[in-house]
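Morning, everyone. I have one structure to walk through today. Please have a look at it first.

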Amino acid sequence: MKVRNCMEDLVFSRLDDVLANQEHICHCAKCRADIAALALNFLPPRYIVTRQGEAYTKTMSLEQQFTADIVIAITNAAKIVGKVPLHQNGEKNLC
Ligand SMILES: [Zn+2]
């Protein structure tokens with residue numbers, strides 16, 4: 001049994017799709033991680049208890065519930081990170 005925040009899976013599963021429409025924003029690993037982290041700070045955590053094979057079904061039903069919110073959160077996070085990319089500043093964070 002594991003407890004995990006499946007909102008993380010949902011954000012990462014949508015990240016590429018949303019960023020594909022944001023060509024002016026840097027897509028390097030640091031900026032992508034910053035965008036995902038910031039988007040997750042905008043979204044409510046959704047912790048689930050998982051057994052083997054069970055996580056996928058629960059994640060899918062939550063995805064339907066939160067898709068619009070997730071896309072908006074990633075879009076907003078991308079705007080913020082795009083304005084002030086931290087990929088050259090090492091350890092600084094947006095928190
Ligand atoms: Zn970057």
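Before we start on the helices, one definition. A helix axis here is a line fitted to C-alpha atoms over the stretch in contact, and the angle between two axes runs from 0 to 180 degrees between N-to-C directions. Keep that in mind. Also keep in mind that this is a predicted model.

Now, the overview. The chain has 95 residues, and buried residues make up 34% of them. Its secondary structure comes to three helices and two strands. Read from the N terminus, the order is β-α-α-β-α. The C-alpha atoms fill a box of roughly 40 × 25 × 20 Å along the principal axes. Take the contacts with a separation of 6 or more: 80% of them join residues 24 or more positions apart.

Next, the helix pair. At what angle do the axes of α1 and α2 cross? Roughly 125°, and the axes come within 10 Å. Helix α1 covers residues 6-20, and helix α2 covers residues 29-42. That angle makes α1 oblique to α2. The crossing is right-handed. Who meets whom? From α1 we have M7, E8, V11, F12, L15, D16 and L19. On the α2 side they meet R32, I35, A36, A39 and L40.

Stay on α2 for one more residue. D34 lies in this helix. Is D34 buried or exposed? Buried, because its relative accessible area is 9% and the cut-off is under 20%. Leaving out residues up to four places away in sequence, D34 touches V81 and L86.

On to the metal. Which residues coordinate the zinc ion? Three cysteines and a histidine: C26, C28 and C31 through SG, and H87 through ND1. The distances are 2.0 to 2.3 Å. In sequence, the spacing of the donor residues is C-x1-C-x2-C-x55-H. Why call the arrangement tetrahedral? Because the four donor atoms subtend angles of 97 to 119° around the zinc ion. For reference, the ideal angle for four tetrahedral donors is 109.5 degrees.

Look at two of those cysteines. C31 counts as buried, at 1% relative accessibility. C28 is partly exposed, with a relative accessible area of 26%.

Last stop, strand β2. This strand covers residues 47-50, and T50 lies in it. T50 counts as buried, because its relative accessibility is 9%. Now find V3. V3 and T50 are 47 residues apart along the chain, yet their C-alpha atoms are separated by 6.3 Å.

That's my tour. Over to you.

Technical notes
Residues are numbered from 1 along each chain as its sequence is written. This is a predicted model: local features need pLDDT of at least 70, side-chain atom pairs count only at pLDDT 80 or more; totals for chains, interfaces and linings use all residues. Side-chain values use heavy atoms; hydrogens and water are left out. Donors are N, O and S atoms within 2.8 Å of the metal (3.2 Å for Na, K and Ca); water is not among the atoms, so sites may look incomplete. Four donors count as tetrahedral if all angles lie between 85 and 135 degrees; four count as square planar and six as octahedral if opposite donors are over 155 degrees apart and all others between 65 and 115; anything else is irregular. Buried means under 20% relative accessible area, exposed over 50%, partly exposed in between (1.4 Å probe, protein chains only). Helices (H or I, at least four residues) and strands (E, at least two) are DSSP runs, numbered from the N terminus. Angles under 35 degrees count as roughly parallel, over 145 as roughly antiparallel, 65 to 115 as roughly perpendicular and the rest as oblique. A crossing is left-handed if the near helix is turned anticlockwise from the far one by less than a right angle, and right-handed if clockwise. Contact means heavy atoms within 4.5 Å.
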